[in-house]
Amino acid sequence: MPKGVTGLSAGPTRPVLRSRDAGGRGWAVLAPYVYLVPAAVVLAAFVYWPLIETVNLSFYEWNLVSPSKRFVGFANYRELLTSQAFWTSVVNTILAILAMSLATIAAPLAVAVAALRVQGVVRLIYRAVIFSPTVVSMAIASLIWLWIYNPIQGLIAHLVRLVGGQGFAWLTDPQLAIWAIILVTAWKTFGYNFVIFVAGLLSIPRELMDAARIDGAGEWHTFRHVTWPLLTPTTLFVVLTTLMLAPQYLFIPTQILTQGGPNQASNNLGYIIWEQGFEVFRVGNASAIAVAIFVGFLAFSVMHFRLLERGVHYEA
Amino acid sequence: MRRDPHTWAHPVLVGACVAMVFPMLWMLVTAWKSPAEIYSSGFRPWPANPTLENFVRVMRDVPMGRFFLNSLVVAAGITLARLLTSILAAYAFARFAFWGREVLFYLFVATMLVPFQVIMIPIFLTITTFDWLNTYQGLIVPHVASGFGVFLLRQHFKTFPLDFTDAARIDGATQWQTLWKVVVPSNATAIWSLAVLFFIDAWNQYLWPLLVATERPMQTLPVGIQIFINPEGGTQWGPLMASATLAIVPSILLYVFAQRHILESAVSSGIRG
């Protein structure tokens, strides 16, 4: 991928073709818009219009099927302030982001550093295996973990019994349920972050590290004072991606493993819109939550793009 | 470069590999176990008498072929349509000067910032209004444009030397012909990588099929195989793991054969499968 990844800024543009095709001036002016129409129609109908409609629905009370909606003003938003399900979801989502920041940054980075010690084909094999969960569908992965977590015949229950413990019910324990979800999400994203870190480490000029070594810096010293600072753009990219995408990644494992239970204990911002909209049929409430989440995460996204704009880039 | 005997590197890497692979291995092991063994209290990390029983039950009890077909039609449909809309729009943004270009480009790219869950309720209502529940168009059409695809391809089309397209146009090619005969073939690698990303993303979709495909004949793999789950405690783990194994095979095959594309585009794009 070329430098200046996002290319979002207007910047100096290359000379562009002025339309001079057969068909005269009219076509020349219209042509670019015609090329845009297919994508534009879809994005307008399935992104922008629904976005407006979500805001609209957030001012109503509606059960998804009734022919009439009741206008309630900001009542749905006021309810959010005191809604236990919503705040449990916020707390669980923050918990998930913090835990995943550790599990999917520190750990993959350590493994990536290890990978750079190994050369050639062996490294490629390690990389391919560690990346593999990324291509497996999250839904299938969650079904496998549902089996692993099974309190009686699950793999974890068996292993716990082997070392003399009692099997415990991960998914029905209010304290543990969210962690079971976080673990699946971390397992699924680990390999991706690992590959990003390997690419980031490879992009650091070897001479800098060798120079530090020659100056007598030890292994850890070189990492701490040369590698780590130079890796900052990569690390920031991983942190912000985790922050931005965590709520979306939480939906599938939550839906398959716990449905937000027991008693809302594992609900989170990835699942709560679905739960409010399609499980308890409170569309207005679900829409107000959707608006809140959108506004919140728009801020993170803007940060993310600002960062990319500065020319952070990666080569495989 | 001196070769350090970094004894810790291999154990760490092997540990990471085991952690990544063991759930899939456990799935495989379970798929080959007999029900008696799955439900016995003893623990054995491999099947005592490997049996095809679970696979036979999967093929007998659920329309696996149909689920495969549905997943394939939906994934291929989304991939092709997204590529087409992205190529056309990216070409316009990269190679034409027109009024409103900057604003429109921002509007296209900004759609990446809208999480699907935020807008899924109105989209679901639209699909219901069209009477598109349990249809391929209902599963496919909401996903056929991608701000990311437009953005990525515009980058590639812009950096492509203008001399080539100019030469083609001097030879009398129209813009349309230049796009398909010069620009697209010259950016084949980027387009292939994008296609692989789109396909994995579409193949792995779960939330939308769960909403739209409520009838069994229209369900995709990850939704359909959940027939083996029984929340009251009677989940049939053997057939569930056997069907999960079958559902994973295409992803693994694609990964093996398109690994370079997948890894490189994952790294350069920041999109995950």
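Predicted model: local features only at pLDDT ≥ 70, side-chain atom pairs only at ≥ 80, totals over all residues.
What about burial and contacts? Of the 273 residues in chain B, 56% count as buried. Looking at contacts in chain B with a separation of 6 or more, 72% come from residues 24 or more positions apart. As for the surface, chain B exposes about 11500 Å², and 67% of that area is supplied by carbon and sulfur atoms. On the charge side, there are 17 positive and 13 negative side chains in chain B, and the centres of these two sets sit 4 Å apart.

Zooming in on one spot in chain B, Pro45(B) belongs to the loop that runs between helix H2 (35-39) and helix H3 (53-61). With a relative accessible area of 40%, Pro45(B) is partly exposed: that value falls between the 20% limit for buried and the 50% limit for exposed. Setting aside neighbours within four places in sequence, Pro45(B) is in contact with Trp26(B) and Val29(B). Pro45(B) and Trp26(B) are 19 residues apart in sequence, while their C-alpha atoms are 8.0 Å apart in space.

Most residues other than glycine have a negative phi, and most peptide bonds are trans. The peptide bond from Gly261(A) to Pro262(A), however, is cis, with omega near -5 degrees. Gln259(A), also placed in the loop between H10 and H11 of chain A, has a positive phi of about 50 degrees although it is not a glycine. Asn263(A) lies in the loop between H10 and H11 as well, and its phi is likewise positive, at about 50 degrees, again without the residue being a glycine.

How accessible are these two residues? Gln259(A) is partly exposed, at a relative accessible area of 45%. Asn263(A), on the other hand, has 75% relative accessibility and so counts as exposed, the cut-off for that label being over 50%.

Note on methods:
Residues numbered from 1 in each chain as written. Chains lettered and ligands numbered in written order. Heavy atoms only, no water. Helix = DSSP H or I, 4+ residues; strand = E, 2+ residues; numbered from the N terminus. Buried < 20%, exposed > 50% of the residue type's maximum accessible area, 1.4 Å probe, protein only. Contact = heavy atoms within 4.5 Å. Areas by Shrake-Rupley, 256 points an atom, 1.4 Å probe, with all protein chains shown as cover. Lys, Arg positive; Asp, Glu negative; His and termini not counted. Charge placed at Lys NZ, Arg CZ, Asp CG, Glu CD.
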